[in-house]
Amino acid sequence: MKCNAIFGDKGGGVPPELGTSRPNNAAHRAPNPVRASLSSLAQFLRSARSGAGAGLVVAVLLLPVYAGLCLRTGFGMLADAVCGLLFGASILVVATSAALLGLAILRRIPLCFGALATAVFACLIITGKGFGHPAALSIRLGLWPIFLLALAGAGTSVLLRRGPGRPGRVRAVLGSVMLLAAVGGAGVLVFWLAAPGEDPFLEDAGPMAGGPAVPLEASNPADVGPYQVAFLCYGSGTDRHRPEYGPKVALKTPSVDASSFIELGHSRLGLWARQKYWGFEPNSLPLNARVWYPKDDGRFPLVLIVHGNHQMDEPSDAGYAYLGELLASRGFIVVSVDENFLNRSWFGNLGEENGARSWLLLKHLELWRAWNEQEGNPFCQRVDLSNIALIGHSRGGEAIVHAAAFNRLTHHPGNANVLFRFGFNIKTLIAIAPTDGLYRPRGLSLPVRDLNYLVLQGSHDGDLGGFPGAGTFHRVLFTSDEYRMKAALYIYRANHGQFNTVWGNRDRRPPLRHLLNRGPLLTGEDQRTIASVYVSAFLEATLRGGEEYLPLFRDYRRAAQWLPRTIYFSRFQDSEFHAITDFDRRVEVTETTLPGGTQSGERLG
């Protein structure tokens, strides 16, 4: 009992010094080798950090010193080095202060707010990629509206949470200022985006260059002609979105397999969505078109018009009704071909489809060749297949060139298993703001020989850069004895889209379309008047032998009374032109381009 009382062990235990003890102090524990290694590494990094920082400071200062020595102020190497050193020191101070401020701000940002901001920027980048814009551009475009929304939200939150007394009144004032600033900034942004813009550097059109020219002794080709115009649509009869190609179709047409001309670039999801929208795939494309034609009896030249790449759910083929009605009144059968199912959509482009655009035009011509011989067809013996013209806008302007080449080929240049048996008498091509080089089978530009060619291009084209159609103009060659010509017209202040009434004056996709400066543009009516004059006159001259219109293409001033007032640049060449020397193919300056010729000169310096 006494022993128990001394040791406090009521159960009769063993004294500590006589039993096994269990240390409870960390100092008595065995060292952990992993923890010791990590501790040593941390000490090493701490000791190296100061030296690394000093090295970075030296690097920041040496770079401007080197730059100063390279720039050479003219006051000697010492002055150059000192100037560079001072400049580098100021940069170091400003950059360090900005970095410290940024880190201090980031340290106080709640985790959820930072995650939300990161998600917003990620959404901006992903959405921009969907529109085909780089990430930097997407962030720059979305930064202002996001900042204004955040400012409005902050102001509203402050107003709702203000308390009583002087601090509450201060919070109310600050919240109101933030909210008003956000609303005002949003108003300014919306007004700026909605305004058409202006250009203080526009050239004054003034009188046409070179003074007045003798007007043409001919009627205005843009005047309505003597024929009454009828209209109908032909197509599959099963279109889901356009009744004119669905239940209201006048002539039903078969589908065609264009899979050999399309290289699918979509994801499976994109292809599935496109097929669900249209109800068909590339192996069963429809032959749809709008037709304007004279009601009177007779045989009339055939003109096909094809649009370019636009939003597929905003059909483009109706945008050339102004040309269809005008030309039909003047005795042409005009067909506006539907290729909207090849166009872009919210889930991207179909892929490489430019060859299909050309091939489809020839499949439409096959329909017309069959209808011209089909008893009971409204166009039986009414089509002059010896006079065919193709008109194309944008990608359609390139497609007509390839269609003319396919028309003369025996096989598809990209797939020799596909045979061509077309052989139509295509005489004339008219390209409106065309692309060039989007489709190059086997890496080659297709030849353009012995065809009449007209190209129109606007100076304020917001979709295309430069004058791509000029490349096609140079490739047009005349090798036969039959008279042919080519002409080009560059139109000041004309844009890409106003040649089509659906496309309008916004040449880019959202959101960039809202940033376009539309103030300097010609009106849509003026731009279409120019197209009407030139297209109609060119068809009259090349399909009907209207020689009275030929001087218009040599000198635009001859038609000044018909054209809107702006600046024009024109170019013309016909099959009667022969270059003696063009200096493009000869290195020897005494040799002429014409074989067998020589040339010499004196006192040319």
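A residue is called buried at under 20% relative accessible area, exposed at over 50% and partly exposed in between (1.4 Å probe, protein chains only). At 18% relative accessibility, aspartate 555 therefore counts as buried. The model is predicted: local features need pLDDT of at least 70, side-chain atom pairs count only at pLDDT 80 or more, and totals for chains, interfaces and linings use all residues. Residues are numbered from 1 along each chain as its sequence is written, and side-chain values use heavy atoms, with hydrogens and water left out.

**The sheet and its helices**

Helices (H or I, at least four residues) and strands (E, at least two) are DSSP runs, numbered from the N terminus. An open sheet of 10 strands has the order S2-S1-S4-S6-S5-S8-S11-S13-S15-S16, with mixed pairing; two strands pair if DSSP finds at least two bridges between them. Strand S2 (251-252) and strand S16 (568-574) are the edge strands, each pairing on one side only. Strand S5 (residues 300-306) runs parallel to strand S8 (residues 383-393), and 7 bridges join them. Valine 303 is placed opposite alanine 389 in S8.

Helix H8 (residues 321-329) packs on the sheet, touching strand S1 (229-235), strand S4 (288-294), S5 and strand S6 (333-338), where contact means heavy atoms within 4.5 Å. The direction of H8 makes about 35 degrees with that of S4; axes are lines fitted to C-alpha atoms, for helices over the stretch in contact, and angles run from 0 to 180 degrees between N-to-C directions. Because 7 of the 9 residues of H8 are buried, this helix is largely enclosed by the rest of the structure. Among the elements covering these buried residues is helix H12 (524-543). Just after H8, glycine 331 has a positive phi of about 95 degrees.

**Salt bridges**

The structure holds 13 salt bridges, each a side-chain nitrogen of Lys or Arg within 4 Å of a carboxyl oxygen of Asp or Glu. The table includes three of these pairs.

| Aspartate 317 | Arginine 290 | 2.7 Å |

Glutamate 540 is buried, with a relative accessible area of 10%, whereas arginine 544 is partly exposed at 34% relative accessibility. Asp239, Arg242 and Asp338 are linked in a network of salt bridges.
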